[in-house]
There are 4 protein chains.
Amino acid sequence: MIHFNSDYMAGAHPEVMRRLVETNLEQTVGYGMDAYTLHAKDLIRSACHTPDAAVHLLVGGTQTNATVIDALLRRHEGVLAAETAHINVHESGAIEATGHKVLVLPQHEGKLSAAEIHAFITDFYRDETYEHMVAPGMVYISHPTELGTLYSLSELEAISQVCHQAGIPLYLDGARLGYALSAPSSDVALPDIARLCDVFYIGGTKVGALFGEAVVAANPERLPHFYPLMKQHGALLAKGRLLGVQFEALFEDGLYERIGEHAVRLALKLKDAFQNKGYRLFLDSPTNQQFVCLPNAVIDRLAEQVTFELWGPRGETESVVRFVTSWATREEDIDTLISLL
Amino acid sequence: MIHFNSDYMAGAHPEVMRRLVETNLEQTVGYGMDAYTLHAKDLIRSACHTPDAAVHLLVGGTQTNATVIDALLRRHEGVLAAETAHINVHESGAIEATGHKVLVLPQHEGKLSAAEIHAFITDFYRDETYEHMVAPGMVYISHPTELGTLYSLSELEAISQVCHQAGIPLYLDGARLGYALSAPSSDVALPDIARLCDVFYIGGTKVGALFGEAVVAANPERLPHFYPLMKQHGALLAKGRLLGVQFEALFEDGLYERIGEHAVRLALKLKDAFQNKGYRLFLDSPTNQQFVCLPNAVIDRLAEQVTFELWGPRGETESVVRFVTSWATREEDIDTLISLL
Amino acid sequence: MIHFNSDYMAGAHPEVMRRLVETNLEQTVGYGMDAYTLHAKDLIRSACHTPDAAVHLLVGGTQTNATVIDALLRRHEGVLAAETAHINVHESGAIEATGHKVLVLPQHEGKLSAAEIHAFITDFYRDETYEHMVAPGMVYISHPTELGTLYSLSELEAISQVCHQAGIPLYLDGARLGYALSAPSSDVALPDIARLCDVFYIGGTKVGALFGEAVVAANPERLPHFYPLMKQHGALLAKGRLLGVQFEALFEDGLYERIGEHAVRLALKLKDAFQNKGYRLFLDSPTNQQFVCLPNAVIDRLAEQVTFELWGPRGETESVVRFVTSWATREEDIDTLISLL
Amino acid sequence: MIHFNSDYMAGAHPEVMRRLVETNLEQTVGYGMDAYTLHAKDLIRSACHTPDAAVHLLVGGTQTNATVIDALLRRHEGVLAAETAHINVHESGAIEATGHKVLVLPQHEGKLSAAEIHAFITDFYRDETYEHMVAPGMVYISHPTELGTLYSLSELEAISQVCHQAGIPLYLDGARLGYALSAPSSDVALPDIARLCDVFYIGGTKVGALFGEAVVAANPERLPHFYPLMKQHGALLAKGRLLGVQFEALFEDGLYERIGEHAVRLALKLKDAFQNKGYRLFLDSPTNQQFVCLPNAVIDRLAEQVTFELWGPRGETESVVRFVTSWATREEDIDTLISLL
């Protein structure tokens, strides 16, 4: 059986694991005050071209989203997000549990439109009863989106501009950021994100680490008192250096990038194969998640040797399925899958 | 430098780490649905003599406390806890962040008294205005306590009885449970805890794991809908099998017990040494945390070669300090420390 | 100037005010334990044909919705409501502030469809990842809706049945309930609502009282510990008898009904006039809120002598406006308005 | 039967009621945007000598405390308060329900000590692990306290100074403020409070109104976005002018002051009588609440003709009871009570 369900099925990239083993018996202070964590944060600041950035290492994505959004919003505010946003759909109400509404906007292949954000904010303050409504207090985007799509640099600049004109922060969920940065068609680099987003996170869990997400705010004043808030949210790992060691491994010599390149290259190879065999893509994803419409007979046949995810309900004759690659996907797995098509 | 600050300074016990490495490249489903996790849960049920128990694996202690307490309390209720309870002092308001008050009772070397719990509840319902007050909805105890002390079986039975007469659950925070179970003077075994407490957790972070806490409820109806609540609290690890693999290692052949025995034996050896050298114990701890009153000159001398924690403010001529052992403490470390006294 | 903006512009119905003045100097116990409140609750039970019902008197609508929804939902659940629902749009995030998501369904002239509720719940539990999503824990409807429309008895029965098959409570926001009960075309009586909805509230603020909303649960076990929850939500009025006196006045001899009849009769007279003059109704409301499309020139002319609400954005040549009647609207006000059309 | 249980047993002062009746049929905009409310706010600003103050009118005390504290605290902060503080004891966890801890300090006849506040804050930041603890984010005091006692001007100045040196706001709960301002022995005037406290509220419910509390912040920037927060907390009254009309009546020609003077004069007359008859005061209250130790036989005899409150548990031979006066207490009621002693 070869697996394409998701990008969190294996443990850590062997290089990351090697570092964890090497440092395992060392004794360091806890809660992220150790030298590994401090070094990892410096490496991340350097990769982002943000020498003064606040960098915080948390364990998982839902936890990170809830803690950051709780930190950024005032009590009467909500967060603007796409209908398909992870925080709107798949976090069991973690945002609402912190007291905040997710203000839903239409999605365009998983993306928000700067014009629609602008219109929402403008209409909101034009409404005489706006103080009876939840104020738009920040914008949440994911990159890649939950559908594998990417913002172009100009799209990101437009959204950033709309946010800053409105005086609200832009937050980017980078659970799969490595797969965005390595997409050949993308014109968005890590420093662009650090410059255009007030806060964002660099996903580790899905990109080579056992777990771990690195929150970055170019201007540290955007996240005052974030440390006790992490503790309050149960997001402060006792053995914090485990996060430091992993992000050090990922950012010391380009491993994070290499992982992204590998997975995206294989995903695009698979995408080409789908198209060559005449299958219709559900949408045009440039990253490690590929969505394709397959005849149910093909799906059933593949399912005997390959795992993948049924995306949405199964149709009468064909259905949409998702294939995901990661650092753990091998070239031969892709070749086998292609030969099965 | 040898370290006695705390029991979360090293990584995982080598045997735990070995399993993580061995299984690292396997691909399994996420979120705790994998076979390792299912097996680990069975091992824990077996160790607790609770064949039907609900077992949930979370990442850290504060997170676990907040999620369990949120699950057990109704909206108008609070949790009874000792003044020194971790949830009252050192969790940055995580319990209040879920909307619940910590109702504080006096502590006796870190422990609650069954009689005082009973009196609190009785007085509460005797007060005509009790519906204007936060109702006692559960009891939180820690074992070992934050001060290293232990409940005797009869103390635990008395508290359990008071809770059940009042119709409220008893919850035990076992962050360091391994060090309680292995204390030679203790008459409380794991199945006693599982029988007397409605919910408790078996700490992994401080007892051999990289991270991880196993919540156990002998009667699974005590924790309905706990899974989405874990997700909502950011406590559901994507690569859930990392928890399964670790608890499997800890519970498969008695490793959890051996870790406890090792650390407690060394701690008691140290305690004897303190007493033999004429130093006064701050309190009589039977577990891996030892609190002793040392002259400031001794403290300063030790600090050149040993790390430990200053407990409370530094006094004029002597101060209370804490020494903590763990699986990572070596016999020779203790011997060196004793020779330095 | 005559006013049709809303139904909360005047004080209390003179009969209600007379009772408040009459009892003003009496001294009674506070917090709703007085005889007036007890009697008012009995009158309401009697009007609902629910002899055992729990009845609670709160101050305002948003407060009531937040307290009831907080009481009914478990932590991982959300409330299903129409896109246009007051709780979704106009309560400044009061529901989310209690930690719960509003799960939005399409609205049909302000109403939910039983079939769509059923489909949502069915699809939800069919989704393999449903434990990562906010569970539908109750249904919220308003009657009349925010658009003045009404559920028919069969529609209400269908929704009630869907809820009870799914094991979740149905809650009805009756901020303007008096205007529903008195609508000639309605086949829904107060006992029907009490029978079909697990919890609902009878609005006082908009139907003759200075303020006040009466929450009713035919089965009192639906709202355990509601009293301390009211206190916690700041919804327990110190001089609780003010609520008792008012609801006594409204329910002692049919005043609540008469207020409804008066306002609805005048609203329907106005509706007829609109239609007779050839204006298009925005929607067909059988209650005290009328929505009509008027040429902007007419709107401007009317605005010199009459107040009303612009509903939605102003169009190029015509716009939708809302006219609202209440107990305080006089026949001659309607006649003047009609003559101005 | 004559009543001394509390100061919220009657309706409104007749002058307040007269205004409500006079304006009852007027139609005004809702939610506090009417002319009565604007005028009342100006009167309050004038009485406080704070021409720029933000003034907000809410319905009840618990609601006001929860909304203000929620507005002032950041997520990781708690509120310092006396053990006996209303927010700590008698609000059913309303503060914790907004996510914040009440940090308890010792009480001295209901009052906080500036030195103890200072010591708490100093010790807090001296603790190396302070970011794992709930930060002191504001100070709550009540004046009069729950025990009827008052801060002197110098005590208030000292607390204010400690707060401002620490950079945290001081909030004063003035549920019974009228009875403080009129106490002959007090040297604290309303403008002193407005100057020394960042936010405070002037209680209406217990001092002549049917209900209503006026929140004042000399510097309006202390309470940004308070209006939507009131709505979110269910504290925004639809017919907001009811609050405006009442506070206008209370502050237009010194009624608030006169009510205070009347009640305090009668309370002190009663206090003198207790002392003359040789009964021991439980504490020395200069305001409208008097606490006295009475033999149980006297208590039983009085209880046949007078209502009052048993304060704390009933003792063997004597008990502490509380007598409360208000605007509604008549001179003859006091004389009767004295004659019964």
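In chain A, 18 residues of domain 1 are in contact with 20 residues of domain 2, where contact means that the C-beta atoms of two residues, placed from the backbone, lie within 7 Å. This is a predicted model, in which local features need pLDDT of at least 70, side-chain atom pairs count only at pLDDT 80 or more, and totals for chains, interfaces and linings use all residues. Residues are numbered from 1 along each chain as its sequence is written, while chains are lettered from A and ligands numbered from 1 in the order in which they are written.

**Domains of chain A**

- The domain assignment gives domain 1 (2–7 + 257–340) and domain 2 (14–255) in chain A; such bounds come from an automatic or database domain assignment.
- Between domain 1 and domain 2 of chain A, the C-alpha centres are 27 Å apart.
- On the side of domain 1 of chain A that touches domain 2 of chain A, helix H12 (255–276) and strand E10 (289–295) each supply at least two residues; helices (H or I, at least four residues) and strands (E, at least two) are DSSP runs, numbered from the N terminus.
- H12(A) gives the most to this side of domain 1 of chain A, with seven residues.
- Seven nonpolar, seven polar and four charged residues make up the side of domain 1 of chain A that touches domain 2 of chain A. Here Ala, Val, Leu, Ile, Met, Phe, Trp, Tyr, Cys and Pro count as nonpolar, Asp, Glu, Lys and Arg as charged, and the others, Gly among them, as polar.

**Chains A and B**

- The contact between these chains involves 41 residues of chain A and 41 residues of chain B.
- Four helices of chain A, namely H1 (14–22), H3 (61–72), H5 (94–97) and H10 (226–232), each supply at least two residues of the side that touches chain B.
- That side of chain A comprises 20 nonpolar, 17 polar and four charged residues.

**Chains D and B**

- Chain D contributes 15 residues to the contact with chain B, and chain B contributes 15 residues.
- On the side of chain D that touches chain B, four residues are nonpolar, nine are polar and two are charged.

**Backbone geometry**

- Most residues other than glycine have a negative phi, and most peptide bonds are trans.
- His143(A) and Pro144(A) are joined by a cis peptide bond with omega about 0°, and Pro144(A) is in the loop between strand E5 (135–142) and helix H7 (153–166) of chain A.
- In chain C, the peptide bond from His143(C) to Pro144(C) is cis, with omega near -5°; Pro144(C) is located in the loop between strand E5 (135–142) and helix H7 (153–166) of chain C.
- His225(A), a residue other than glycine, has a positive phi near 55° and lies in the loop between strand E8 (213–217) and H10 of chain A.
- His225(A) counts as partly exposed because it has 17 C-beta neighbours inside 10 Å; a residue is buried if 20 or more other C-beta atoms lie within 10 Å of its own, exposed if 12 or fewer, and partly exposed in between, with C-beta atoms placed from the backbone.
- Glu109(C), also a residue other than glycine, has a positive phi near 50° and lies in the loop between strand E4 (102–105) and helix H6 (114–126) of chain C.
- Glu109(C) has 16 C-beta neighbours inside 10 Å and therefore counts as partly exposed.
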